[in-house]
Amino acid sequence: MRALERCHLPLDSYPFGSDNRVVDGLLCKKPLITLEGEKSYQRFAAALLRQCGLEELIAKTPEQFVELTLRWVEDKNFQKSIATKLDALDLQKVLFETGNARYFKSALDAIV
């Protein structure tokens with residue numbers, strides 16, 4: 001987490017994304033640019049970014065991934081707009097409070 005806090009922009013790995021990197025990055029208020037693929041493991045980062053209202057960080061093509069990354073590096077207003085969105089988010093609620101605890105309890109009760 002210390003290394004992540006020092007970085008400026010984490011990039012999602014492709015074709016195999018890293019679920020933990022996405023969540024850790026968001027919790028450290030570090031946005032992540034991702035290339036959304038067709039396989040489920042290539043879509044996790046995009047799903048989380050959408051859940052957080054950060055669709056503008058999702059690339060659909062390799063070329064768009066490069067463009068987004070360069071935009072981040074060169075456009076301070078873009079960086080500020082993303083930082084503002086991240087600061088306004090209640091990440092604990094968005095990422096972890098799904099309201100599905102009752103279903104988990106019901107499943108455990110059924111197993112027992």
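Predicted model: local features only at pLDDT ≥ 70, side-chain atom pairs only at ≥ 80, totals over all residues.

Me: What makes α4 and α5 roughly perpendicular?

Reply: Helix α4 covers residues 62-74 and helix α5 covers residues 76-88. They pack at an angle of about 95°, with axes 5 Å apart. Angles from 65 to 115 degrees count as roughly perpendicular. The two helices are therefore roughly perpendicular to each other.

Me: Which residues of α4 and α5 meet?

Reply: From α4 come L68, R71, W72, V73 and E74. From α5 come K76, F78, Q79 and I82.

Me: How do you know that the rings of W72 and F78 form a pair, and why is it called edge-to-face?

Reply: Ring centres must lie within 6.5 Å to pair, and planes over 60 degrees apart count as edge-to-face. The count is one aromatic pair. The centres of the W72 and F78 rings are 6.1 Å apart and the planes stand at 75°, so the pair is edge-to-face. Both W72 and F78 are buried.

Me: What makes R71 count as a charge over the ring of F78?

Reply: The distance cut-off is 6 Å from the ring centre, for CZ of Arg. R71 lies over the face of F78, at 3.8 Å from the ring centre.

Me: How do you know that C52 is in no disulfide?

Reply: A disulfide needs two cysteine sulfur atoms within 2.5 Å. The count of disulfides is zero. For C52, the nearest cysteine sulfur belongs to C28 and is 14 Å away.

Me: Why are C28 and C52 called buried?

Reply: Buried means under 20% relative accessible area. C28 has 14%, so C28 is buried. C52 has 5%, so C52 is buried too.

Me: Why is K29 called partly exposed?

Reply: Partly exposed lies between the buried limit of 20% and the exposed limit of 50%. K29 has a relative accessible area of 34%, so K29 is partly exposed. K29 is found in the loop between α2 (19-27) and β1 (34-35).

Me: What is the phi of K29?

Reply: The phi of K29 is positive, about 60°, although K29 is not a glycine.

How values were computed
Residues numbered from 1 in each chain as written. Heavy atoms only, no water. Phe/Tyr/Trp six-rings, centres within 6.5 Å; stacked < 30°, edge-to-face > 60°. Buried < 20%, exposed > 50% of the residue type's maximum accessible area, 1.4 Å probe, protein only. Lys NZ or Arg CZ within 6 Å of the ring centre and 35° of its normal. Axes fitted to C-alpha atoms, helices over the stretch in contact; angles between N-to-C directions. Helix = DSSP H or I, 4+ residues; strand = E, 2+ residues; numbered from the N terminus. Parallel < 35°, antiparallel > 145°, perpendicular 65-115°, else oblique. Contact = heavy atoms within 4.5 Å.
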